[in-house]
Each structure stands twice: as C-alpha cells, then as structure tokens.
Amino acid sequence: YAGPFSVDNRRRFSDHVVDCMCRHDVPQPLDGLNVPKILVQPSRTMKWHLHGLPRDSATLEGAAILDMAGHWPLIVDPQRVMGGFVRALVGQGQEGTSQHGVINGRVLLVINPSEPKLQEKVIAAAELGFWVLVEHVPTEAAPVLERLLVECPHRASTSNLGLLAEIGGGSSAFRLFMVTLAPSLKLPEEWVHRVAQINFTLTPEGLKRRMLSVIVSSERPDIQQRRADVLSSRAQAQHESDDAEEAMLEALSSFQGEELANDTLHGIEALSNVVALSQAASAAVAERAANSSRAETDLERSLRLYAPLAEEAAAMFCIISGLVRLSPMYQFALQWFESMLASAVGESLKVRSVDMRLAQISQQFLRKVHAGTLQALLPEHRLVLSLRLWLQSLQNHGKASASEIHVLTRPLSATGHAVTNASVPTSPCTSEHPAMGSSERSGEPDIAATRDDFLNDAEKEGLVELAQLPAFDGIRKSFETKRTDWRRFVQSSR
C-alpha cells in the first residue's frame, strides 16, 4: 500500500503502524519497522547494489516493495534510476544501447508503449519467458495499461519468487516492468488495484550518494573497485551463512521422532555432528564478514574526502532541475548531469594536494554546467541561472546562508512574478525553505500591512522576507521613515 507514496509519507505510515503495535502490545523488532530487512534477505540486497541499485534507504525500500509486489509494477522513475537497474540485472547497458539483452538464459525486451503491435509483443514474451521493460509510459496511463494487461498473465500466476529473483529461463521467468518518467500518474480507480505503483523519486540522500559514486569512479577507480570487491565478498559470506542455516534446519527436520526413539544414541550423535559443522561454517563466515566490514569502514573513511564535492554537485543539480519552474521545457536528465561531472573530473588540473584537487574539479564542473545549461535557456532566463550558481558557490564557501539564498532566489517568471506551479516535476531537491523566524519584530512597522499603492502584494511579501535577514536589519524602520525615497526608488526601477 505504501509504494505509490513519497518517502515522507511512507515514514508517517510506518510510524503510525509502530504506534498501533505499541498500543496493542504487539512485539516489534528492536531496530524498528525496517521494510527491506523484513521482506528481503541481506544477501539479495547486496547483490542488487552490485547491479547498480543506489544504496540509500528509500530506494532499497522501494526495491523490496517491488520485489514482493502482487501485481505487475508501474514504476514512477523521474530520474531514471530503476530502468538502468533492471537492465543491469540482465547484463544490458544503459538506455538506448540496444533493444534486448541476454544473460544466464534470461532475455530482456525493451519496448516503447507507442510501438505497433505492443500487445502481441508482450504476449509472445510471456510465452517465451522473457523479461519485458516498457519505458516512457505517459501520464495518462490507462490506455497503455489496457493494451498491456488485458491478455497478459497475472503476476500471481507466473511465479512465487520475487520479481527481482535470480531464476533461469522458461515460461515461469516472465517479468513485466512498466516505467514512467512522469512525477505523477492519472489512473482510473479500476486500474489502481491492478498494478503495483511504486515511487522511486530520488531522495537528497540518494542524490548525494550518486554524485559521490560518479566522483570516486572517475577520480579513484581503485577505491571504487575495492568497494565492489568488498560488497561482493559480504554478499557471498551472507549467502553462505544463509545456506548453512538452511542446511542445519533441513538436517534437523529430517530426523523424525520415530527414528530418534529407535536409535536414540545414533540420532543424538548425528544431530551433534550437523550442529558442529553448521557452527564451524557460521564461524568462518562471520570472520569473513567481520573482515569485510573493517575493509568497508576503511574505504568509507577514504570516501569522506570527496563528500563535500558530492554535496556541491547535488546542490547544483537541484539548481538545474529547478529551472523547470521558469519554463516546462527546461528538464535536464540526471544522466547528462552525471556525465558532465565525470568529464569535469577528467579534465581538471592534476595536483598533489587533495584540497586543491577538489577545488580544481569544483571550478571546472561549475564552468561546464554553466556553459552547457546556458545554451538551452532563453535569453531572459540566463541571468537567473548565473545568479543562482554564483550564490550557491558563495554558500559552498560559507559566504552566504541558506536563508539568504532562499530570499534572493525566490522562483520568478520572466515577468518577475513569483511562480507557484503545482505541476512542477517532483525532484530530490523538493524541501521546505529554511526557517526565517517571525515576520514581525517588536517595535517595528509591519510592511505587509501598509497600504502604499506603489508596492504590489508580491513586492511586499519579498520585502518582508528580506527584512528577516540579519544583513538587512533596520530595513523596516527605513521603509517607515523614508517612505518618499522608497516610492521614488520603486517607481524609477519600473
């Protein structure tokens, strides 16, 4: 039920469930309601990460919900995270590289909902046991779903395994993934219960992790390879631990009561041998897991050097994705942004000092993003981009606060009026603006309550926010005592 909702709403839902469990004295896990841990074995989640699934908790939670979905999933993926992950599961490259991929007897068919004979292709794929990835499902999804699912096998009838389980060929291997880039869908009520809608909008945590991965892959491929090796080792150790546990349980269940009664001594000895072997295997696996954890801790310490640059890159993507508020045509792909970052790392001047090296990369990346984005903007919007990137640079160096930047970069249209567009695509940067404090100060005039005809409501609102910044302390008193000068200034600027 929580799949279609944002991360914040899922957290509220989870907290409500925990509260209900507490009120009714229902036992709960010590670490809280961890959905991925409840639904999926750790060894499988580690393998997902090896195939490119982002490691933030929200994406992992969505993947666990997808894996256990009772209907074919309709994936909301504005940043194209899950489409690439599904491709990686069958050994295929990124979007646009080919129309199908094959690995371990598993075939992925990538189709567009606008293609002719869509229904026939999906039915044939189901009969052959292919995986099907339908990309670019439109906002008005009902017509596409009608064509896809009318004669398609139901999810429950294909396999009892998870959607992302590693299985071989055959008709039981059929999988159907539907992906839309739209931040929200319009689904009639009759379709809401026939698909598993899952929201994979990237979170700020996930965005920073992606930027860090791009930086480290380009700057220190040795660290990235070591991370992959450690993760693979942990996954293998966890898998062996699971196998040892299952083997012990299977051996224990094979000793029936009658057998023990007929030869008690022999049965006890056999059971002791099984337990001893299982304990020895578990101890070896635990030692390997501990070594992997220590190695991962050392690697994380090395990665912290690049965390500030990753945060800068994530903030810059928020600026670029926010340009859609100026015009709906300003929509920039995360993959394009990541390629610019990797290119900046490769083109930056090589120096020995890590701090100087990161500064070089930051400056080169800023230049590339500014130049590349500027070409796509209308002339009247280019100054907005330059101003926003400059202010972000000031904030990165501690010369401007988040509240000051919020006031100075209130989203404006080309006419200068504030934009309040409810259809703006969802992004990992959507958040509440920084707390500004009270709009009223003791003993100072209320600008918003004035009835001056030379200021409209939007201008008054902006002036009120400006007055809350420490750097503009006293602007309220100035507005009250120098009203004539303010009128002359406002009228001269129009």
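**Rings first, then the rest**

A: Start with W486: this residue is buried, with a relative accessible area of 16%. F489 is exposed, at 53%. Here buried means under 20% relative accessible area, exposed means over 50%, and partly exposed lies in between (1.4 Å probe, protein chains only). This is a predicted model, so local features need pLDDT of at least 70, side-chain atom pairs count only at pLDDT 80 or more, and totals for chains, interfaces and linings use all residues. Residues are numbered from 1 along each chain as its sequence is written, and side-chain values use heavy atoms, with hydrogens and water left out.

W486 and F489 are 3 residues apart in helix α20 (residues 483–492), which puts about one helical turn between them. Helices (H or I, at least four residues) and strands (E, at least two) are DSSP runs, numbered from the N terminus.

Now the ring pairs. Searching the whole structure gives 7 aromatic pairs. One of them joins F332 and W336: the pair is tilted, with 5.6 Å from centre to centre and 35° between the planes. F332 is buried, at 18% relative accessibility. W336 is partly exposed, at 26%. W486 and F489 make an edge-to-face pair, 6.3 Å centre to centre, with 90° between the planes. The rule is simple: rings of Phe, Tyr and Trp (its six-membered ring) pair if their centres lie within 6.5 Å, and planes under 30 degrees apart count as stacked, over 60 as edge-to-face and the rest as tilted.

Rings can also link up. F317, F337 and F365 are joined into a cluster by ring pairs. A ring can meet a charge as well. R194 has its charged end over the ring of W191, 4.1 Å from the ring centre. A charge sits over a ring if NZ of Lys or CZ of Arg is within 6 Å of the ring centre and within 35 degrees of the ring normal.

Ala, Val, Leu, Ile, Met, Phe, Trp, Tyr, Cys and Pro count as nonpolar, Asp, Glu, Lys and Arg as charged, and the others, Gly among them, as polar.

The structure also holds 1 cavity of 30 Å³ or more. The largest cavity has a volume of about 40 Å³. Its lining is R55, R227, L231, E296, L299 and E300. Two or more residues of this lining come from each of α10 (221–254) and α12 (264–303). Helix α12 gives the most, with 3 residues. The lining divides into 2 nonpolar, no polar and 4 charged residues.

How are such spaces found? The search uses a 1 Å grid over the protein atoms alone. A cavity is a set of points where a 1.4 Å probe fits but cannot get out. A pocket is an open set with protein on both sides within 12 Å along at least five of seven lines. Lining residues have an atom within 4 Å of a point. Grid points are joined across faces, edges and corners, and a volume is the space filled by probe spheres set on the points.

Helix α10 also contains S241. S241 is partly exposed, at 24% relative accessibility. S241 and S278 are 37 residues apart in sequence, and 9.1 Å apart in space, C-alpha to C-alpha.

Now the backbone. Most residues other than glycine have a negative phi. R80 has a positive phi of about 60°, although it is not a glycine. R80 lies in the loop between β1 (73–76) and α5 (81–89), and R80 is partly exposed at 29%. K117 also has a positive phi, near 55°, and is not a glycine. K117 lies in the loop between β3 (106–111) and α6 (118–128). K117 is exposed, with a relative accessible area of 61%.

Last, the whole chain. The protein chain has 20 helices and 6 strands. Of its 494 residues, 40% count as buried. Among its contacts with a separation of 6 or more, 70% come from residues 24 or more positions apart. Contact means heavy atoms within 4.5 Å.
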